[in-house]
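Work through the exercises below with the structure open. Each task is followed by a solution in steps.

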Amino acid sequence: MDRIDRAVASLQFSDERCYIDYISGVALGPDHGDEINDLLEKANIALEAITRIKRNKYLLFDQNINEEVSQYFRIKKEIDFAFEREEFTVVYQPQNDAISNKIIGLEALVRWNNQNLGSVPPSVFVPILEENPIQIKKLGKYILSRVVRECRELLEITNDDFRISVNLSSQEFTDFTIIKVTSPQ
C-alpha cells in the first residue's frame with residue numbers, strides 16, 4: 001500500500017498537479033481464499049467496512065470485519081420489516097426537578113425489539129436509519145404521532161402540567177411535514 005500511496009502522490013499532468021484519494025478493501029490468498037471469487041467477496045466486505053468507518057485508506061479482511069459487516073446488513077434488512085411488524089416502541093423516562101424531585105416531564109425514547117435480532121440498541125440502529133432519509137423521517141413521524149396520541153390520553157387522566165421531549169435526527173428539522181404530525185387533529 002505504501003507503493004500505491006507514493007504513486008498516487010506523484011501524479012502530475014502537464015503543469016497541473018493531481019491529487020487522488022482512494023480506499024481499498026484487501027484480501028490475500030491463500031489466507032482469505034483460493035478462488036478469485038472468494039478473494040473478491042472478502043475484499044468487498046473489507047471495502048464496505050472501511051467506507052463506513054472512514055478511518056484508513058485500506059483495510060485488510062479478517063473474520064471480525066466479516067461478522068461486523070454481516071451484522072450491519074442483517075440489521076439493515078430487518079429495519080425494513082420492523083416498520084411493517086410495528087417493532088419500534090416508545091418508552092418514557094421521567095425528568096425530575098432537581099430541587100423537589102417532582103416529575104416535571106418525560107423523555108420519549110425509541111426502542112426496537114426485533115423477532116430475529118432481539119433487542120437492538122438505538123446506538124446501533126439509529127445511525128443505520130440515518131443513512132436513509134426516508135426511513136429516519138418515517139421513524140420520527142411514527143414516534144411523534146405515537147407520543148402526541150399518548151400525551152392526549154395522559155392529559156385526559158391528569159391535569160398536571162408537564163412536558164415531553166422527543167429526540168429528532170438533524171435530517172428531520174428540514175422535514176416540515178413533521179409539523180402536521182404534531183398539530184392538533
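**Exercise 1: The largest pocket**

Task: Find which strand and helices each supply at least two residues of the lining of the largest pocket.

Solution. Note first that this is a predicted model. Start with the elements. Strand E6 (103-114), helix H4 (122-130) and helix H5 (133-157) each give the lining at least two residues. Next, take the volume. The largest pocket holds about 250 Å³ of space. Now count its lining: 16 residues. Closest to the pocket centre are Val110, Val126, Leu139, Asn167 and Leu168. Last, sort the lining by class. It has 10 nonpolar, three polar and three charged residues.

**Exercise 2: H3 against H4**

Task: Decide how helix H3 (residues 63-84) and H4 are oriented where their axes come within 10 Å.

Solution. Two packed helices are described by the angle between their axes and by the distance between those axes. Here the axes of H3 and H4 cross at roughly 80 degrees. Angles of 65 to 115 degrees count as roughly perpendicular. Therefore H3 and H4 are roughly perpendicular to each other. Now list the contact residues. H3 brings Tyr72, Ile75, Lys76, Ile79 and Phe83. H4 brings Val124, Phe125, Ile128 and Leu129. By class, this contact has eight nonpolar residues, no polar ones and one charged.

**Exercise 3: H4 against H5**

Task: Decide how H4 lies to H5, given that their axes are 6 Å apart.

Solution. Read the angle: H4 and H5 pack at about 125 degrees. H4 is therefore oblique to H5. Then name the partners. Phe125, Val126, Leu129 and Glu130 of H4 meet Pro133, Gln135, Ile136 and Leu139 of H5. Sort these residues: six are nonpolar, one is polar and one is charged.

**Exercise 4: H3 against H5**

Task: Describe the crossing of H3 and H5, including its hand.

Solution. Begin with the axes. Those of H3 and H5 come within 12 Å and cross at roughly 35 degrees. Now the residues. On the H3 side are Ile79, Asp80 and Phe83. They meet Gln135, Lys138 and Leu139 of H5. This contact divides into three nonpolar, one polar and two charged residues.

**Exercise 5: Two backbone details**

Task: Is the peptide bond from glycine 29 to proline 30 cis or trans? Then find where glutamate 86 lies and state its phi.

Solution. Take omega first. For the bond from glycine 29 to proline 30, omega is near 0 degrees, and the bond is cis. Move on to glutamate 86. Its loop runs between H3 and strand E5 (88-96). Phi of glutamate 86 is near 55 degrees. That is a positive value in a residue other than glycine.

Methods. Residues are numbered from 1 along each chain as its sequence is written. This is a predicted model: local features need pLDDT of at least 70, side-chain atom pairs count only at pLDDT 80 or more; totals for chains, interfaces and linings use all residues. Side-chain values use heavy atoms; hydrogens and water are left out. On a 1 Å grid over the protein atoms alone, a cavity is a set of points where a 1.4 Å probe fits but cannot get out, and a pocket is an open set with protein on both sides within 12 Å along at least five of seven lines; lining residues have an atom within 4 Å of a point. Grid points are joined across faces, edges and corners, and a volume is the space filled by probe spheres set on the points. Helices (H or I, at least four residues) and strands (E, at least two) are DSSP runs, numbered from the N terminus. Ala, Val, Leu, Ile, Met, Phe, Trp, Tyr, Cys and Pro count as nonpolar, Asp, Glu, Lys and Arg as charged, and the others, Gly among them, as polar. Axes are lines fitted to C-alpha atoms, for helices over the stretch in contact, and angles run from 0 to 180 degrees between N-to-C directions. Angles under 35 degrees count as roughly parallel, over 145 as roughly antiparallel, 65 to 115 as roughly perpendicular and the rest as oblique. Contact means heavy atoms within 4.5 Å. A crossing is left-handed if the near helix is turned anticlockwise from the far one by less than a right angle, and right-handed if clockwise.
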